[in-house]
Amino acid sequence: MSRHFPPHVEEGIARARKLEYWTLAWLVTVVPLMALVVGSSQAMKTVWIEDMLGFIPPIVFLVSARLERKEPTDAFPFGFDRVNSAAFVVSAVALTLMGLYLLFEAVMTLAKAEHPTVGTIRLFGRDVWMGWPMIAVLLWSTIPSMILGRLKLPLARTINDKVLHTDADMQKADWMTGLAAIVGVIGIGFGLWWADAAAAGLISFGILHDGIGGLRASTAELVDGAPRKLEKDEIADEAQLLKDELERLFPGARVRLRETGRVIRAQVTARPPDLPLDLETLWPGERDRAWRLAQVSFVPPQDDR
């Protein structure tokens with residue numbers, strides 16, 4: 001049967017879906033505006049590409065949240081818990097490659113000492129420096145992003161979703177991207193040609209960092225790694241507590257934990273207990289996160305590999 005979560009988790013997933021739809025709607029306005037004012041600025045071009053890449057995490061989240069509801073099939077007997085990690089590997093690879101490309105472009109621009117220009121535009125019968133519309137669009141690409149990111153972060157922990165958490169982190173840190181690009185545009189206005197490429201390089205480092213972080217988080221799950229923290233590539237505290245509790249209950253047993261989507265599955269190399277285990281009671285962490293323990297299976301010691 002398809003997976004069902006406790007009410008507070010279901011509510012969190014529903015709210016996260018709404019926020020991701022709002023994110024997509026906002027990006028639909030940002031990307032065309034950015035295309036209109038990008039000009040010859042390397043920093044603006046980098047922000048524009050970053051905004052286009054911003055479509056990936058919301059789409060991945062929405063698709064995976066829908067697919068994980070599907071019933072198991074003969075071809076996929078364990079269901080689709082891991083679909084978000086599989087999809088996020090693809091988006092993380094795209095982010096990483098794009099970050100490398102943009103960093104290369106910024107370095108080459110500095111090496112060639114290319115001097116970008118920001119001209120003027122005719123608005124309301126006046127000649128206006130193009131930098132002002134650029135800065136206005138940058139603010140529109142930054143401020144809503146910060147707000148959306150801060151709203152998503154607590155939800156990511158409630159529903160334990162790495163895709164949503166990475167998306168929230170990227171958006172919460174967008175003020176750095178916007179500020180760097182604004183500094184680059186103003187630098188061009190003051191004749192500091194290198195400021196634009198330097199800002200683009202700084203932004204590309206951020207994209208590369210997000211991509212590598214996403215790769216580490218998603219591949220750990222795909223190769224049956226122990227459950228990781230949302231915010232970094234370290235063993236989750238609640239996973240370690242669970243492992244310790246199972247080792248206490250079954251002395252000398254080998255305990256292995258793996259993460260499949262939002263949930264944790266445990267394998268214990270020991271004789272199964274005479275009475276069924278109550279998974280909710282077994283969970284050693286916060287009560288409202290006991291739903292994460294989906295299964296404890298037992299393997300006879302002689303069959304252990």
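**Cavities, a helix and ring pairs**

Reply: Lining the largest cavity are Thr 23, Trp 26, Leu 27, Glu 50, Asp 51, Gly 54, Pro 58, Ser 145, Asp 167, Met 170, Gln 171 and Asp 174. Bear in mind that this is a predicted model, where local features need pLDDT of at least 70, side-chain atom pairs count only at pLDDT 80 or more, and totals for chains, interfaces and linings use all residues. Residues are numbered from 1 along each chain as its sequence is written, and side-chain values use heavy atoms, with hydrogens and water left out.

Me: What makes a space a cavity, and how much space lies in the largest cavity?

Reply: On a 1 Å grid over the protein atoms alone, a cavity is a set of points where a 1.4 Å probe fits but cannot get out, and lining residues have an atom within 4 Å of a point. The largest cavity holds about 120 Å³ of space, the volume being the space filled by probe spheres set on the points, which are joined across faces, edges and corners. H1, helix H2 (42–53) and H6 each give at least two residues to its lining.

Me: Why is H6 called mostly covered?

Reply: Nine of the 11 residues in helix H6 (162–172) are buried, and buried means under 20% relative accessible area (exposed is over 50%, partly exposed in between; 1.4 Å probe, protein chains only). Among the buried ones are Asp 167, Met 170 and Gln 171, which also line the largest cavity.

Me: Why is the pair of Phe 5 and Trp 291 called edge-to-face?

Reply: Rings of Phe, Tyr and Trp (its six-membered ring) pair if their centres lie within 6.5 Å; planes under 30 degrees apart count as stacked, over 60 as edge-to-face and the rest as tilted. The centres of Phe 5 and Trp 291 are 5.5 Å apart and the planes are at 80 degrees, so edge-to-face it is. Phe 5 sits before helix H1 (7–37) and Trp 291 in the loop between helix H10 (279–282) and strand S5 (293–299), so the pair ties together parts 286 residues apart in sequence.

Me: And what makes the pair of Phe 76 and Phe 80 tilted?

Reply: Phe 76 and Phe 80 are 5.1 Å apart centre to centre, with 40 degrees between the planes, hence tilted.

Me: How do you know whether Phe 76 and Phe 80 are buried or partly exposed?

Reply: Phe 76 has a relative accessible area of 47%, so it is partly exposed. Phe 80 has 13%, so Phe 80 is buried.

Definitions and conventions: Helix = DSSP H or I, 4+ residues; strand = E, 2+ residues; numbered from the N terminus. 1 Å grid on protein atoms, 1.4 Å probe; cavity = no way out; pocket = protein on both sides within 12 Å on 5 of 7 lines; lining within 4 Å.
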